[in-house]
Amino acid sequence: MIQGQHLIAGCWVAAATTFASKPIQGPAHRFAVGTPDHVDAAVKAAEEAFWSYGYSGRAARAAFLNRIADEIDARGEAITEIGCQETGLPEARLVGERGRTVGQLRLFASHIEAGAYLDRRYDAAQPDRTPLPRPDLRLIQRPVGPVAVFGASNFPLAFSVAGGDTASALAAGCPVVVKGHPAHPGTGEIMAQAIEAAIVALDLPAGLFSLIQADGTEVGAALAQHPLIKAVGFTGSLAGGRALFDLCARRPEPIPFFGELGSINPMFVMPAALAARGPEIARGWAGSLTMGAGQFCTNPGLAILPEGPEAEAFTVAARETLAAVAAQNMLTEGIASAYREGVARFRDKPGIKSLFVAESGSRSAAPSLFSVDAETWLADGDLAEEVFGPLGLLVRVETPEEMRRIAQGLQGQLTCTLQMDAADTQAAKQLMPILERKAGRLLANGFPTGVEVCDTMVHGGPYPASTNFGATSVGTMAIRRFLRPVCYQNMPIDLLPEDLAEA
Ligand code: NAP
């Protein structure tokens with residue numbers, strides 16, 4: 001079933017050089033290593049496909065997205081089997097993630113059929129206006145052209161080959177070239193088979209979708225710099241994402257790089273909530289922190305709480321809950337080793353108290369918990385960096401002013417959470433203007449893991465949470481990343497795009 005080849009414009013292509021997958025269980029397979037020539041062939045075919053697909057009707061694109069969802073469901077068991085082997089994620093998680101993946105494909109199908117995303121605008125001509133007449137002006141969103149997508153290691157289905165970036169680009173009318181993530185190449189190949197089957201069934205251009213496998217940076221760099229690529233979607237590390245962002249900016253024709261690079265998702269525990277239900281909040285926080293071995297972009301790694309006996313009760317409950325969580329598989333040995341290094345870095349820092357540190361394996365992570373005072377946290381920027389995995393840091397503040405300073409000291413975040421009761425409203429109001437400037441999603445009395453895919457979701461935020469604070473990578477607004485507004489002035493109806501003419 002696994003061929004270990006690239007899918008380039010409808011052809012499965014072998015390569016001279018291969019790499020081996022590293023499943024946590026089950027057989028390893030060899031996969032072709034892509035080259036800049038593979039990238040060139042895939043992107044040129046995508047450009048060719050754009051001339052028809054970019055001008056296709058919304059109903060046809062919706063049918064394509066729905067068909068991909070059906071083809072993924074038809075391969076459900078095979079996807080779960082190899083996905084579990086390659087990623088070490090449990091079966092229930094992958095089944096759930098597949099549901100999310102097909103759900104978002106179907107959501108984008110209904111979203112484009114409804115048409116509101118086109119944001120069509122019309123300023124009627126005013127020929128008699130003085131001193132100058134106004135022309136007839138119409139605006140609509142048009143697809144940008146071929147899009148590059150980097151599969152994310154931590155969501156092998158929902159943020160990878162047929163994930164949210166691909167679904168939103170295809171919905172917009174943009175062909176896609178995916179650089180597969182080497183942590184789950186077999187899973188990626190089956191997802192690509194599903195997309196290929198949908199293309200064949202609906203007689204769409206083969207260049208609409210390509211998957212290039214690789215375990216090095218050459219393919220990604222070539223893709224981001226290819227002159228025919230018009231935008232990039234990425235989820236991954238700060239270092240990798242920043243390098244690719246810089247490549248996109250340095251191109252002769254710079255293009256937007258929609259990268260999601262890291263977030264520690266702070267949780268502010270307000271005094272009345274802490275007094276009323278501190279241990280309960282602590283247990284919920286520890287559960288969110290350790291979900292999926294902490295390998296979620298929205299993992300709440302930082303908790304800020306007022307110093308005192310209630311903070312102590314919170315700490316005891318958090319530590320007890322974390323201590324009961326066994327080490328869990330991580331996605332790759334590299335991610336596990338980065339987590340161990342992060343834990344060691346925190347443990348060895350002056351001014352930090354280690355509350356719980358357990359031994360992690362070569363590809364597994366056990367939770368860890370540290371505590372620090374506000375001044376130490378504010379003085380050490382390293383403590384605000386993401387450690388990917390189940391690492392929690394408590395910052396204990398003496399005053400509401402210190403809590404506000406911590407909020408002000410934060411980098412951009414995907415989420416910020418308030419744990420609050422009615423008596424905390426005034427203090428929370430003081431924080432809100434700061435938090436709104438820091439994060440794409442603000443929560444009250446919940447936990448940020450578990451991102452709803454819907455019209456109102458924002459999964460983005462100021463840098464480094466994302467490289468483009470006007471965008472989201474989850475939810476229907478994600479389609480805007482791959483559209484650009486075009487204004488038509490005094491244009492005869494026959495020359496207008498179909499979507500505009502029909503309005
Ligand atoms: P990554 O190292 O950034 O890699 C992501 C993708 O980008 C891979 O396909 C990688 O290719 C490619 N890439 C990385 N640097 C590149 C460069 N300079 N030029 C061209 N392509 C480049 O992320 P990862 O492998 O998913 O995980 C590593 C770390 O990323 C984790 O430990 C974690 O800290 C972080 N991470 C964060 C999130 C989040 O949501 N915040 C999610 C996932 C990972 P190759 O792998 O083939 O070289």
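1. Basis. This is a predicted model, in which local features need pLDDT of at least 70 and side-chain atom pairs count only at pLDDT 80 or more, while totals for chains, interfaces and linings use all residues. Residues are numbered from 1 along each chain as its sequence is written, and side-chain values use heavy atoms, with hydrogens and water left out.

2. Domains. Domain 1 takes in 6–21 + 29–261 + 466–502, and domain 2 spans 267–444. The bounds come from an automatic or database domain assignment. The C-alpha centres of the two domains are 34 Å apart. Their contact (heavy atoms within 4.5 Å) takes 12 residues from domain 1 and 13 residues from domain 2.

3. Domain interface. About 930 Å² is buried between domain 1 and domain 2, with 60% of it on carbon and sulfur atoms. Buried area is the accessible area (1.4 Å probe) that two parts lose on being put together, summed over both. Zero salt bridges link domain 1 and domain 2; such a bridge needs a side-chain nitrogen of Lys or Arg within 4 Å of a carboxyl oxygen of Asp or Glu.

4. Ser153, Lys179, His181, Gly216 and Ser237 come nearest.

5. Polar atoms at the ligand. Serine 153 has a polar side-chain atom 2.5 Å from an oxygen atom of the ligand. For serine 237 the distance to a ligand oxygen atom is 2.6 Å. For glutamate 260 it is 3.4 Å.

How values were computed: A residue is near a molecule or strand if one of its heavy atoms lies within 4 Å of it. A polar contact is a pair of N or O atoms within 3.5 Å; within protein, one must be able to donate a hydrogen and the other to accept it, and residues adjacent in sequence count only if both atoms are side-chain atoms.
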